[in-house]
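Please look through the sequence and the structure below before reading on. The report that follows describes how the parts are arranged.

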Amino acid sequence: MNHAAAARVTRIEQPATELRYEGLVTRGIAFAIDAAVINLVAIVVAGGVALALSVLSVSEDSLDTVLIAAGSALFVAWSVGYFVTFWSTTGQTPGSRLMWITVCDADDGSTLRPRRAGLRFAGMVIAAIPLLAGFLPILFDERRRGLHDMLARTVVVEAPKLIR
Amino acid sequence: MTESFYIEGRRLLDATMRLGGTVGLAALRPASGAISAGLRLEHAARGAAGRRLGDAALAALDAALVSPVAEEAVDRAMASGLARYVVDRLLADGIVEHVVDRVLDGPELERVVGTVLESPAIDRVVGQTIESRLADQAVARLLASEELWLLVEEIAESPAVTDAITQQGFGFADEVAGGVRARSRNADAWLERTARRALRRPPR
């Protein structure tokens with residue numbers, strides 16, 4: 001969303017205040033909350049599956065490998081699905097909602113489409129690979145965009161008066 | 001000429017009548033004075049007699065009340081069913097309701113209740129009641145009764161209570177989240193200032 005578009009959104013839905021881009025710490029906390037939710041659900045599901053398998057007395061090594069691979073794939077799918085679904089529906093994951101931030105299109109402020117949301121997730125993974133260096137641009141960019149934001153053309157803004 | 005004679009005659013007749021009226025009134029004045037004096041005397045005599053009779057009646061009532069005859073009279077009246085009859089009439093005529101309404105509407109009841117509540121006797125009575133075994137027994141019985149716990153359970157599960165608790169929980173969570181948000185935004189600003197200073201970039 002360029003400044004003109006941002007100002008337009010501000011005039012329409014938040015007339016008295018300036019659109020505010022969110023920084024690294026706030027976004028990091030929101031991500032940590034989301035990660036906690038994802039892992040909690042994954043642990044509960046994994047525990048349930050392990051319990052069921054122990055009841056069925058399935059304990060062959062080859063099967064264990066298959067189960068671990070399937071579990072990993074499911075975990076990745078669950079993580080991707082979590083972020084893509086929330087970003088492309090409300091623009092807010094539970095962590096973002098708690099921190100009153102939202103992800104939106106950088107050009108017109110609209111909610112992301114699933115493909116853009118998937119691209120943003122991929123960009124987030126890429127940004128994390130070089131020791132999280134891909135997130136450092138958030139500190140210097142005028143609109144506080146990380147590498148994944150630039151790739152997907154998104155911004156993270158304060159949510160209360162736009163979404164809530 | 002006839003007309004002037006008639007007018008003169010008429011004037012003479014009027015003067016004669018006025019003179020007659022004046023003379024008549026003067027003649028009747030002693031009589032009317034006597035009647036007025038008589039009326040005043042009668043009024044004074046009646047007032048004096050009424051006061052005397054009232055005093056005598058009150059003295060007689062006082063004498064009757066202090067005499068043993070009064071108790072006997074009351075006993076006999078009670079035995080005769082007169083009291084019951086009087087009560088029945090008071091109830092039937094709505095006089096009791098009127099009295100109750102008057103007491104409830106009037107300031108007297110509030111005054112009496114205020115006086116009672118402010119009296120030290122009430123403090124003593126309440127203190128003795130609380131310290132007595134009666135209170136302990138009442139509490140013990142209350143706690144032992146299943147109805148109490150059913151009531152508590154009913155109240156605890158009521159939508160109003162659960163809504164209130166939920167709202168309070170949300171309010172607390174929102175308050176905590178608000179504190180975290182404020183601190184995280186301060187940390188954002190500090191981190192950016194530090195990073196920009198380290199790279200010799202101008203502040204935002």
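Are helix 2 of chain A and helix 9 of chain B parallel, perpendicular or oblique to each other? This is a predicted model, in which local features need pLDDT of at least 70 and side-chain atom pairs count only at pLDDT 80 or more, while totals for chains, interfaces and linings use all residues. Residues are numbered from 1 along each chain as its sequence is written, and chains are lettered from A and ligands numbered from 1 in the order in which they are written.

**Two helices**

Helix 2 of chain A and helix 9 (residues 159–198) of chain B pack with their axes 6 Å apart, at an angle of about 135°. Helices (H or I, at least four residues) and strands (E, at least two) are DSSP runs, numbered from the N terminus. Axes are lines fitted to C-alpha atoms, for helices over the stretch in contact, and angles run from 0 to 180 degrees between N-to-C directions. The two helices are therefore oblique to each other, because angles under 35 degrees count as roughly parallel, over 145 as roughly antiparallel, 65 to 115 as roughly perpendicular and the rest as oblique.

The table lists the residues that make this contact; two residues are in contact if their C-beta atoms, placed from the backbone, lie within 7 Å.

| Helix | Residues in the contact |
|---|---|
| Helix 2 of chain A | Leu24(A), Val25(A), Thr26(A), Ile29(A) |
| Helix 9 of chain B | Val180(B), Ser184(B), Arg185(B), Ala187(B), Asp188(B), Leu191(B) |

By class, this contact has six nonpolar, two polar and two charged residues. Ala, Val, Leu, Ile, Met, Phe, Trp, Tyr, Cys and Pro count as nonpolar, Asp, Glu, Lys and Arg as charged, and the others, Gly among them, as polar.

**The chains together**

Between the chains, the contact takes ten residues from chain A and twelve residues from chain B. On the side of chain A that touches chain B, helix 2 of chain A gives the most, with four residues. That side divides into eight nonpolar, two polar and no charged residues.

**Chain B**

Chain B has nine helices and zero strands. Of its 204 residues, 2% count as buried; a residue is buried if 20 or more other C-beta atoms lie within 10 Å of its own, exposed if 12 or fewer, and partly exposed in between, with C-beta atoms placed from the backbone. Gly94(B), whose phi is positive, near 80°, follows helix 3 of chain B.
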